[in-house]
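Let's take a friendly walk through this model, starting with a pair of packed helices and moving on to the confidence scores. Please keep the view open as you read.

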Amino acid sequence: MEWIERRGQVLGTAALGLLMVGGYLGLVWAPPDVNQHDVMRIMYLHVPIAWDGELAFGVVFVASIMYLWKRDLKWDRLAAAAAELGVLFTALTVALGSIWARPVWGVWWTWDPKLTATAVLFIIYVGYLMLRLVAEDPVRRARQAAVVGIVGFLDVPLIHLSSQLWRGLHQGATFRVLQDPTLDDRMQVALIVNLVAFTVLFAFFLGQRLSLGRLEQRRDEILWEEAQRV
Amino acid sequence: MWADQVWAVLRKDVLLEARSRANVNAIVFFAGLVLLVFSFALGPNRAHLQTAAAGILWLALIFSGVLAFGRIYQIEAENGAFEGLLLVAQNRSAIYLGKMLGATVVMLLVEIVLVPLMAVLYDLDLSGGMPILLLACLLGTIGFAAVGALYGALTMSLRAREVLLPLLLLPVTVPILLGAVKATGVALNGGHGDLAVWIELLVAFDIVFVTAGLLTFEYAVGE
């Protein structure tokens, strides 16, 4: 955890380089899709960003459990940082999915199970951030947020399952990445490079947000000490 | 001992509601009002209302549930009653289970009034699907109360709790809403659909979140 905070420059440079390579592979090197042509290239952005969102919520879950176990506020800072990134990335996922749906399905929004589930997850973690905003006492806030972070993540499989059932049992996944036999070798390589690039980018963002969180905590402590003296 | 404490909390909450009655009455009335308002919004077409009935019923129950889950902790806010409760409980999960069951009882009372009212308003025949309807109401209510009793405790000491409770509760209970509406729809409008799968989903949700509530309640409240 401290490592990603200290190695910001390395991670940032690596993310930038990988994103440039990934962009080239996705936009130029990989062949266009048979049916969707160039429209399908948004996948190289959409799928890695969706992955970052799920990864972020996983980090919130683990960090929340670690906080309740160890009672060390650094885990709370990690959960808060990851939750903010998760909200950012799920919002982007929904927006990109919507942009992709417009030319392919003809509408901006459909009640596609994955789109619906992602939107619900987005709202759950917006609630998590709202709770953090209104709670005042930092220790109490950490504990309450941890409960919401754990309960929210337990809901993830149920939300995915129920939104899929809701759209009809027999409708297969809209898009199956990596097991999809129609995905060309070069497409797979481009997708994997982009997945790695966005994972590194996620680590970079997380590190930056963590050091900001550390400064915020220090500021609050100083303000509190000042208030005690007056 | 643990079971005794669960029973004591449950009995206390239900007795309080039964003796004062003002709350249950207000919540029942509010739920009936939601049914009525939705009928106005959707228009007087009977066939239209009948297909939408399951969804409207659960929306009315969710809205009144949010009131009920906030309420079961508001009654503890006076005279530091909740601190006392936290002190006497050996294990705080007993308070959670008692509160959760208490909220379930209140919501079931609301449903006993609401379902016949709905049948009259929308001209529905309940006789055929009664067992399914009872099962859907029971499982759905337990699921809502499982999360509601936890989040109600979590938000009780916060400012803006009136907004925060629904904001936290509603998205988490989306699977319950979907499952309960689908199962209720089968009960009201016939057809089998995928009833078994929805019931399984409701049972899974109930088990996961009652367990999660029992384990995390002590972190949601107090020191």
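## Helix packing and confidence

The crossing of helix 3 of chain A and helix 6 of chain A is left-handed. This is a predicted model, and its scores are ipTM 0.88 and pTM 0.88.

Two packed helices are described by the angle between their axes and the distance between the axes. Here, helix 3 (residues 43-70) of chain A packs on helix 6 (residues 138-166) of chain A at about 135 degrees, and the axes lie 8 Å apart. The two helices are therefore oblique to each other, as the cut-off for roughly antiparallel is over 145 degrees.

Which residues of helix 3 of chain A meet helix 6 of chain A? Among them are A:Phe57, A:Gly58, A:Phe61, A:Ile65 and A:Leu68. On the side of helix 6 of chain A, the partners include A:Ala142, A:Ala146, A:Gly149, A:Ile150 and A:Phe153. By type, the residues of this contact are twelve nonpolar, four polar and two charged.

Now to chain B, where the mean pLDDT is 88 and 98% of the residues reach 70 or more. The table gives its elements with the lowest and the highest mean pLDDT.

| Element of chain B | Residues | Mean pLDDT |
|---|---|---|
| Helix 4 (lowest) | residues 81-88 | 82 |
| Helix 6 (highest) | residues 130-155 | 92 |

After helix 5 of chain B comes B:Asp123, with a positive phi near 55 degrees.

Methods:
Residues numbered from 1 in each chain as written. Chains lettered and ligands numbered in written order. Predicted model: local features only at pLDDT ≥ 70, side-chain atom pairs only at ≥ 80, totals over all residues. Heavy atoms only, no water. pLDDT = per-residue confidence, 0-100. Helix = DSSP H or I, 4+ residues; strand = E, 2+ residues; numbered from the N terminus. Axes fitted to C-alpha atoms, helices over the stretch in contact; angles between N-to-C directions. Parallel < 35°, antiparallel > 145°, perpendicular 65-115°, else oblique. Left-handed = near helix turned anticlockwise from the far one by under 90°. Contact = heavy atoms within 4.5 Å. Nonpolar A, V, L, I, M, F, W, Y, C, P; charged D, E, K, R; others polar.
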